[in-house]
Amino acid sequence: MTKSLKLYHELQEAFDYLCSSWLRYRPTPSTVDDANVILAASSFLFDNLFAKENAGKEITAAAASDLGPSFKPRALSEAATSIRLGMSAEDIVKGGTNTRDYIKWVAEEHPVILDALKDNYGLLVVATAEEIASLILSQNQDNHDMVPLETAELTLLSFAQAFFLFYKEVYGPSFLRNPSASFFADVENEMDRVNKEIPN
């Protein structure tokens with residue numbers, strides 16, 4: 001199994017946990033399919049940017065198996081392009097989406113969050129989380145219990161944690177020398193804080 005395929009499976013687990021334990025939201029099968037396309041595209045980009053294992057066919061096959069008849073290869077390509085375009089630090093700090101507005105708001109008192117924008121390891125997380133948060137919120141426009149900024153926060157923190165565990169497993173202690181490492185380390189503390197604030 002390539003590193004990127006392993007990442008795909010771990011991001012699927014992160015999405016499941018985000019929905020069931022953090023957001024208390026049961027996504028429809030079509031929403032799960034759309035999320036899998038985003039997560040497969042993100043894993044493909046990890047391969048393209050970092051792993052260089054030529055894992056595209058393997059990831060595509062895994063996504064096709066998960067989605068069945070609804071799978072469209074073009075959707076995977078379009079999702080990868082959308083994520084890649086979203087990996088612009090300059091655009092992220094301007095705000096304009098729930099995820100970007102959350103980062104901009106938090107950065108005023110907690111600037112370490114901006115370290116996520118210092119390299120492609122962090123930018124891939126932000127862009128992936130932005131796509132997932134947008135997907136979830138688009139399916140819950142009439143759900144007044146789902147607060148957009150909170151959803152963006154929980155999505156970003158959940159996926160940052162999942163990516164961080166994966167990065168540490170793949171790269172070991174050397175990952176902590178990357179510019180975005182301080183952001184990932186801080187996520188652990190933020191997850192503890194959020195966990196205490198969310199009612200059981």
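This is a predicted model: local features need pLDDT of at least 70, side-chain atom pairs count only at pLDDT 80 or more; totals for chains, interfaces and linings use all residues.
Phi of Lys52 is near 55 degrees, a positive value in a residue other than glycine. Lys52 is also exposed, with a relative accessible area of 60%. Here exposed means over 50% relative accessible area, buried means under 20%, and partly exposed lies in between (1.4 Å probe, protein chains only).

Residues are numbered from 1 along each chain as its sequence is written, and side-chain values use heavy atoms, leaving out hydrogens and water.

Arg24 is another residue to look at, found in the loop between α1 and α2. Arg24 has a positive phi of about 50 degrees although it is not a glycine. At 53% relative accessibility, Arg24 counts as exposed.

Now step back to the whole chain. Along the principal axes, the C-alpha atoms fill a box of roughly 45 × 45 × 30 Å. Of the 200 residues, 52% count as buried. Contacts (heavy atoms within 4.5 Å) tell us about the fold too: residues 24 or more positions apart account for 77% of those with a separation of 6 or more.

Charges come next. Side chains of opposite charge can pair when their charged atoms come close. Such a pair is called a salt bridge when a side-chain nitrogen of Lys or Arg is within 4 Å of a carboxyl oxygen of Asp or Glu. How many salt bridges does the structure hold? There are six.

One of them joins the side chains of Lys3 and Glu53, at 3.4 Å from N to O. Lys3 lies in helix α1 (residues 3–22) and Glu53 in the loop between α2 (29–51) and α3 (56–67), so this pair ties together parts that are 50 residues apart in sequence. Lys3 is partly exposed, with a relative accessible area of 35%, and Glu53 is partly exposed at 30%.

In another salt bridge, the side chains of Glu78 and Arg74 meet at 3.0 Å, N to O. Both residues belong to helix α4 (residues 73–86) and are four residues apart, about one turn of the helix. Glu78 is partly exposed at 46% relative accessible area, whereas Arg74 counts as exposed at 64%.

Glu130 and Arg100 also form a salt bridge, at 3.1 Å from N to O. This pair links distant parts of the chain, with Glu130 in helix α7 (residues 120–138) and Arg100 in helix α6 (residues 98–107), 30 residues apart. Are these two residues buried or exposed? Both Glu130 and Arg100 are buried. Finally, salt bridges that share partners join Lys6, Glu10 and Glu169 into one network.

Methods. Helices (H or I, at least four residues) and strands (E, at least two) are DSSP runs, numbered from the N terminus.
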